[in-house]
Amino acid sequence: MKLFEKNNCRVLTKRVETHDVVTIDFIPESDADYSYKPGQYINIFLPNTSTSEGKSYSLSSAPREGVLSITVKRIGEFSDYLSNLKVGEIFQATTPYGFFFTESDTSELVLISGGIGIAPFRSMIINSPDRPIYLFSSHKTQGDDIFGSEMRKRVQENPLFHFYETFTRTGGERLNAQTILSKTEIHKTTEFFLCGSIGFVRDMWKGLVSQGIPEEVIYTEAFF
Amino acid sequence: MQKSCINQNGDVENWLYSDIVKDHFFNPRNILIDEADYVADGLGVVGSPACGDVMAVWVKINPNTKRIAECKWRTFGCASAIASTSMMSVMATENGGMTLRQAKKLTPEAIIERLGGLPDRKYHCSVLGHQALREAILDYETIRKK
């Protein structure tokens, strides 16, 4: 079963994104197939933690970058341990899996993220420079802004990319379906991707459906 | 969150789950006890690292309409996993059955909505149902291409 086959992976480099978020580049040490579609995740196992069953982390790197990366937010024992791994250290992970990706090369994408939910969207955005993409990103404060400078730079470089960010604890409005739909050009081929906490994804899904967006164009990935 | 307790009649009071979840747990729909003589068009088997649950889903596709005609399953897991898969199988086959496109887009949120809600810590159970159905469809599409 794919979800349980573990391979050794080595930490190559680490980058600090915010006060509690790091990006880890890694390389598999076996010849297992680590090709992936933007949006997929790996299951990571850390035997020295109390979470022996492992946890899932979305790949934040894009396939075209030729590197494998995950972006980890510290929220407890497992993520603390993972974040503290040093360059050269080994962790175990499955090959990429998941269905949180579009099957179309040309559809317009509306990506809606809460906090660390932006991780898989970075992969989608970097890997698809030639399609209209709207990213709506919500964080608590500017200090929690993950990939914000990269996305703001991308807006300047790519007219097909639209970026809206809000910081909810410093006066920014909470994302809601009405606001999102008022800022996007919706077509029959537009697809929506939602990623964040269970409550964030649930509220966004309900909001979009209540605004008439068909369920079959909405993809969800909740972090738990 | 309400705590469950047993009353003097042996009934559970203040049930943690909705009546719909309770119904699908005690009366699961489309469960497949023995697959020995069941010929499916696609089979998906997934496991959850979060809890150790394992789920198998079998689908039959109507060759004329290309909709899901039957969706059978068996789950090794908790009440939420059983109820989630049962509800998923109902959603996949009701009203003439979902198209493959619709079934691929059946989200955990939609399953949970139909169940009347699940505790957040049981969210992964509906994820399993969604993944198992996707795997079964993928198996069908792969076999068809062969």
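Biologist: What makes Phe193(A) and Tyr219(A) buried rather than exposed?

Modeller: In this predicted model, Phe193(A) and Tyr219(A) are both classed as buried, which means that each has under 20% relative accessible area.

Biologist: Why is the aromatic pair of Phe193(A) and Tyr219(A) called stacked?

Modeller: The ring centres must lie within 6.5 Å, and planes under 30 degrees apart count as stacked. Phe193(A) and Tyr219(A) lie 4.2 Å centre to centre with 5° between the planes, and therefore the pair meets both limits. The structure holds 11 aromatic pairs over all chains.

Biologist: Where in the chain do the two partners lie?

Modeller: Phe193(A) belongs to strand 10 (residues 191-197) of chain A and Tyr219(A) to strand 11 (residues 218-223) of chain A, 26 residues apart. Together with Phe100(A) and Phe121(A), these two residues form one aromatic cluster.

Biologist: How do you know that the charged end of Lys6(A) sits over the ring of Phe45(A)?

Modeller: The charged end of Lys6(A) is 4.5 Å from the centre of that ring, and the limit for the distance is 6 Å. In chain B, Lys60(B) lies over the face of Tyr38(B), also at 4.5 Å from the ring centre.

Biologist: Which residue stands opposite Phe45(A)?

Modeller: Gln92(A) in strand 6 of chain A stands opposite Phe45(A).

Biologist: Why are strand 3 and strand 6 of chain A said to pair?

Modeller: Pairing requires at least two bridges; strand 3 (residues 41-45) and strand 6 (residues 90-93) of chain A share two bridges in the antiparallel sense, and therefore they qualify.

Biologist: What makes strand 4 and strand 5 of chain A edge strands?

Modeller: In the open sheet of six strands, ordered 4-3-6-1-2-5 in chain A, strand 4 (55-58) and strand 5 (68-73) each pair on one side only.

Notes. Residues numbered from 1 in each chain as written. Chains lettered and ligands numbered in written order. Predicted model: local features only at pLDDT ≥ 70, side-chain atom pairs only at ≥ 80, totals over all residues. Heavy atoms only, no water. Helix = DSSP H or I, 4+ residues; strand = E, 2+ residues; numbered from the N terminus. Phe/Tyr/Trp six-rings, centres within 6.5 Å; stacked < 30°, edge-to-face > 60°. Buried < 20%, exposed > 50% of the residue type's maximum accessible area, 1.4 Å probe, protein only. Lys NZ or Arg CZ within 6 Å of the ring centre and 35° of its normal.
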